[in-house]
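Work through the exercises below with the sequence and the structure at hand. Each task is followed by a solution in steps.

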Amino acid sequence: PGFCLALAGLALGAIAFGAPVALLQKARSVPPIHDISTDTETPPTFVAVLPLRKDAANPADYGGAEIARQQHQAYPDIQPATVALTAPQAYARALQVAQAMGWAIVATAPESGRIEATDTTLWFGFKDDIVIRVSDQGNGSRVDIRSVSRVGRSDIGKNAQRIREFLRRLARG
């Protein structure tokens, strides 16, 4: 019985030590940014979420060219989605995906094609804000998404991961 307890203690210690080390490795592999957008030229802007961010350490305003450069270098695949749906159809689909991802929908503005939401991370309960913008584009629609952490210099890749998952689900139809 003593050997089993020692083995269990060793396993728990390895997990307790390994998780922070893995997190540190991940943090070193991504740029120290916390704002990711499919459109770095004219990123979607927050409106309804702004009061919820009043005490946030990170601003809701986009960081500009240097953030865009770091994002493009680290996440070249983060691009706007073009879907073969009308803007109202694409908007409805984007809202459905956001809800399915478990985000707390803060505001919907179909007339301007904007959806705002908040996602809370599982482990530490950090709140990240998301804004989706749907616009007409030729025979379809363009969907842009931006995800911004309220705290922390680096998001450790979480915002890019969230955007990729949203775009994957959106494309699946």
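The structure holds 14 salt bridges, a salt bridge being a side-chain nitrogen of Lys or Arg within 4 Å of a carboxyl oxygen of Asp or Glu. The model is predicted, so local features need pLDDT of at least 70 and side-chain atom pairs count only at pLDDT 80 or more, while totals for chains, interfaces and linings use all residues. Residues are numbered from 1 along each chain as its sequence is written, and side-chain values use heavy atoms, with hydrogens and water left out.

**Exercise 1. A salt bridge of Arg 146**

Task: Find the salt-bridge partner of Arg 146 and state which strands the pair ties together.

Solution.
- Step 1. The partner is Asp 35, and the closest N and O atoms are 2.7 Å apart.
- Step 2. Arg 146 lies in strand β6 and Asp 35 in strand β1 (residues 35-37), so the pair ties together parts that are 111 residues apart in sequence. Strands (E, at least two residues) and helices (H or I, at least four) are DSSP runs, numbered from the N terminus.
- Step 3. Arg 146 and Asp 35 are both buried. Buried means under 20% relative accessible area, exposed over 50%, and partly exposed in between (1.4 Å probe, protein chains only).

**Exercise 2. A salt-bridge network**

Task: Which residues are linked with Asp 144 in a network of salt bridges?

Solution.
- Step 1. Arg 133 and Asp 144 meet through their side chains in a salt bridge of 3.3 Å, N to O. This pair links distant parts of the chain, with Arg 133 in strand β5 and Asp 144 in strand β6, eleven residues apart.
- Step 2. Arg 142 also forms a salt bridge with Asp 144, at 2.7 Å from N to O.
- Step 3. Together with Asp 39, the residues Arg 133, Arg 142 and Asp 144 make up the network.
- Step 4. Asp 144 counts as buried because its relative accessibility is 1%. Arg 133 is partly exposed at 23%, and Arg 142 is partly exposed with a relative accessible area of 23%.

**Exercise 3. The surroundings of β6**

Task: Name strands that pair with β6 and say why β6 is described as largely enclosed.

Solution.
- Step 1. Two strands pair if DSSP finds at least two bridges between them. β1 and β6 are antiparallel and share three bridges; the bridge partner of Asp 35 in β6 is Val 148.
- Step 2. Strand β2 (residues 81-83) runs antiparallel to β6, with three bridges joining them. Here Thr 82 stands opposite Arg 142.
- Step 3. β5 and β6 run antiparallel and are joined by ten bridges, with Val 131 partnered by Arg 146 in β6. Their hairpin has two residues between the strands, and Gly 138 takes a positive phi near 60 degrees there.
- Step 4. β6 is largely enclosed by the rest of the structure because nine of its ten residues are buried.

**Exercise 4. Two loop residues**

Task: Where are Phe 126 and Ile 156 placed?

Solution.
- Step 1. Phe 126 is in the loop between β4 (114-120) and β5 (127-137). The relative accessible area of Phe 126 is 41%, so this residue is partly exposed.
- Step 2. Ile 156 is in the loop between β6 (140-149) and α4 (158-172). Ile 156 is not a glycine, yet has a positive phi of about 55 degrees. With a relative accessible area of 25%, Ile 156 is partly exposed.
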